[in-house]
Amino acid sequence: MATLQYSLLLSFTLSALVSTILAHNITDILSGFPEYSEFNKYLTQTKLADEINTRQTITVLALNNGAMTALAAKHPLSVIKNALSLLVVLDYYDPTKLHQISKGTTLSTTLYQTTGNAPGNLGFVNITDLQGGKVGFGSAAPGSKLDSSYTKSVKQVPYNISILEISQPIIAPGILTAPAPTPSSVNITALLEKAGCKTFASLLQTSGVIKTYQSAADKGLTIFAPNDEAFKAAGVPDLSKLTNAEIVSLLQYHATATYSPFGSLKTSKDPISTLASNGAGKFDLTVTSAGDSVTLHTGIGPSRVAETVLDSTPLVIFTVDNVLLPVELFGKAPSPAPAGEPVSAPSPSPVASTPAPASVEAPSPLAASPPAPPVETPGGAPSGAPFGSENSTADGSAAVHVSVPVLVTVSATVICSILMS
């Protein structure tokens with residue numbers, strides 16, 4: 001028994017250790033560089049910081065305060081988010097690797113490509129090693145210019161996160177000129193119907209809750225819309241037997257008065273208040289994530305976040321696989337039957353087993369990042385190229401990255417020595 005306890009303790013300790021090793025926080029890292037305070041502020045406002053923090057291998061192309069202020073002064077927040085998404089590369093580039101690009105040029109996937117708003121290859125960036133030790137950046141769209149260039153290294157946590165300053169934003173065709181409708185002018189019911197949520201859209205209209213949604217949209221709104229099949233699933237109550245007030249509470253339970261895109265949901269740890277919340281712990285949701293799958297929990301049953309219908313700051317609409325049933329209206333979920341004890345003989349009389357809960361669709365990846373094109377790194381870089389970075393780090397308060405096998409081996413040895421002594 002003691003040996004089992006030691007093994008479990010060791011396993012838990014190593015698991016926590018590896019999780020810590022892979023963690024980074026872009027907000028904390030940039031807080032140490034006041035020249036990027038505006039860039040850091042907009043990463044937070046657009047919730048891109050949450051998405052960056054969930055990625056394990058990433059390069060952030062930072063804009064200094066002058067370049068960021070110029071971009072923000074001309075465009076609404078939803079357009080700024082798209083422009084900044086194009087500056088988050090889903091691969092690791094430090095100064096050395098920039099000058100070791102195979103054939104001198106490569107296309108890399110960005111966060112913008114994962115949004116579904118980038119047709120064709122508009123979500124890729126062209127990185128080209130130019131003569132004289134310079135590196136240019138531009139849109140991967142045909143005919144695009146290398147309108148930005150590498151300025152300097154800011155911070156690296158090797159093979160985890162790299163932050164590089166570039167001279168100006170990378171502009172993909174149409175990314176800054178597309179009209180950005182105000183959230184309150186978005187036809188929410190039309191979007192829901194097109195996404196296969198006609199029943200939910202109809203309930204919003206007949207109950208009048210759609211007006212509550214629209215009035216909240218300009219300040220921040222996240223909608224979790226059950227698809228039509230969800231209303232036909234076993235266990236969903238007969239809505240015709242609910243009072244008008246109960247219908248309103250149920251529909252308000254499917255929205256929160258905050259802008260919470262997918263990356264923010266993945267990192268959410270605290271209970272989420274909904275539009276129906278009327279007191280501490282009342283009509284709340286909790287969130288769990290596994291890989292690229294996010295699941296909402298009501299206290300009665302789980303529901304997977306299936307697809308993003310719209311993500312236009314500060315409004316986001318998701319479809320979910322199941323109707324969200326609050327315990328305040330429908331009571332708590334039944335406790336699962338306890339596991340049977342082994343017996344030497346069968347019971348003399350049959351015992352009815354507790355029905356198994358309705359099956360839940362297995363989580364499937366959502367908003368998975370397209371793989372970045374492979375990059376070879378031959379030896380030889382142009383003369384005068386800046387290699388390495390004085391800001392590379394192997395530890396720090398905002399990010400930690402060390403050799404995992406070595407650290408795990410040493411930690412295991414130390415822990416075992418303590419436990420066995």
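## An enclosed strand

In this predicted model, strand β8 (residues 221-226) has six of its six residues buried, so β8 is largely enclosed by the rest of the structure.

Which strands pair with β8? With strand β14 (residues 315-320), β8 pairs in the parallel sense over six bridges, and the bridge partner of I223 in β14 is I317. With β9, the pairing of β8 is antiparallel and runs over two bridges, where T222 has T256 as its bridge partner.

## The sheet around β8

Strands of a sheet pair through backbone hydrogen bonds, and they do so either parallel or antiparallel. Here seven strands form an open sheet, in the order β9-β8-β14-β13-β12-β11-β10, and the pairing is mixed. The strands at the edges are β9 (255-256) and β10, each of which pairs on one side only.

Towards the β10 end of the order, strand β10 (residues 272-273) runs antiparallel to strand β11 (residues 284-290) and is joined to it by two bridges, with I272 standing opposite L285 of β11. β11 also pairs with strand β12 (residues 293-297), in the antiparallel sense and over five bridges, and in this pairing T286 stands opposite H297. These two strands, β11 and β12, form a hairpin with two residues between the strands, in which G291 takes a positive phi near 65°. β12 pairs in turn with strand β13 (residues 302-312), again in the antiparallel sense, over three bridges, and here H297 stands opposite P302.

## Helices that pack against α6

Two packed helices are described by the angle between their axes and the distance between the axes. Helix α3 (residues 37-45) and helix α6 (residues 77-85) pack at an angle of about 110°, with their axes 10 Å apart. An angle from 65 to 115 degrees counts as roughly perpendicular, which makes α3 roughly perpendicular to α6. On the α3 side the contact involves F39, Y42, L43 and Q45, which meet L77, I80 and L84 of α6; by class, these residues divide into six nonpolar, one polar and no charged.

Helix α5 (residues 65-72) also packs with α6, at an angle of about 140° and with the axes 10 Å apart, which makes α5 oblique to α6. M68, L71 and A72 of α5 make this contact with I80, A83 and L84 of α6, and the residues are six nonpolar, no polar and no charged.

## Two nonpolar cores

Which residues have the most contacts inside the largest nonpolar core? They are F39 and L84, in a core of 50 residues. Leaving aside its neighbours within four places in sequence, L84 is in contact with F39, Y42, L43, L48, L63, M68 and L71. Apart from this core lies another, of 29 residues, which includes Y213, L250, L251 and L310.

## The chain as a whole

The chain has 14 helices and 14 strands, and buried residues make up 43% of its 421 residues. Among the contacts between residues at least 6 apart in sequence, 67% join residues that are at least 24 apart.

Notes
Residues numbered from 1 in each chain as written. Predicted model: local features only at pLDDT ≥ 70, side-chain atom pairs only at ≥ 80, totals over all residues. Heavy atoms only, no water. Axes fitted to C-alpha atoms, helices over the stretch in contact; angles between N-to-C directions. Helix = DSSP H or I, 4+ residues; strand = E, 2+ residues; numbered from the N terminus. Parallel < 35°, antiparallel > 145°, perpendicular 65-115°, else oblique. Contact = heavy atoms within 4.5 Å. Nonpolar A, V, L, I, M, F, W, Y, C, P; charged D, E, K, R; others polar. Core = buried A, V, L, I, M, F, W, Y, C linked by side-chain atoms within 4.5 Å. Buried < 20%, exposed > 50% of the residue type's maximum accessible area, 1.4 Å probe, protein only. Pairing = 2+ DSSP bridges.
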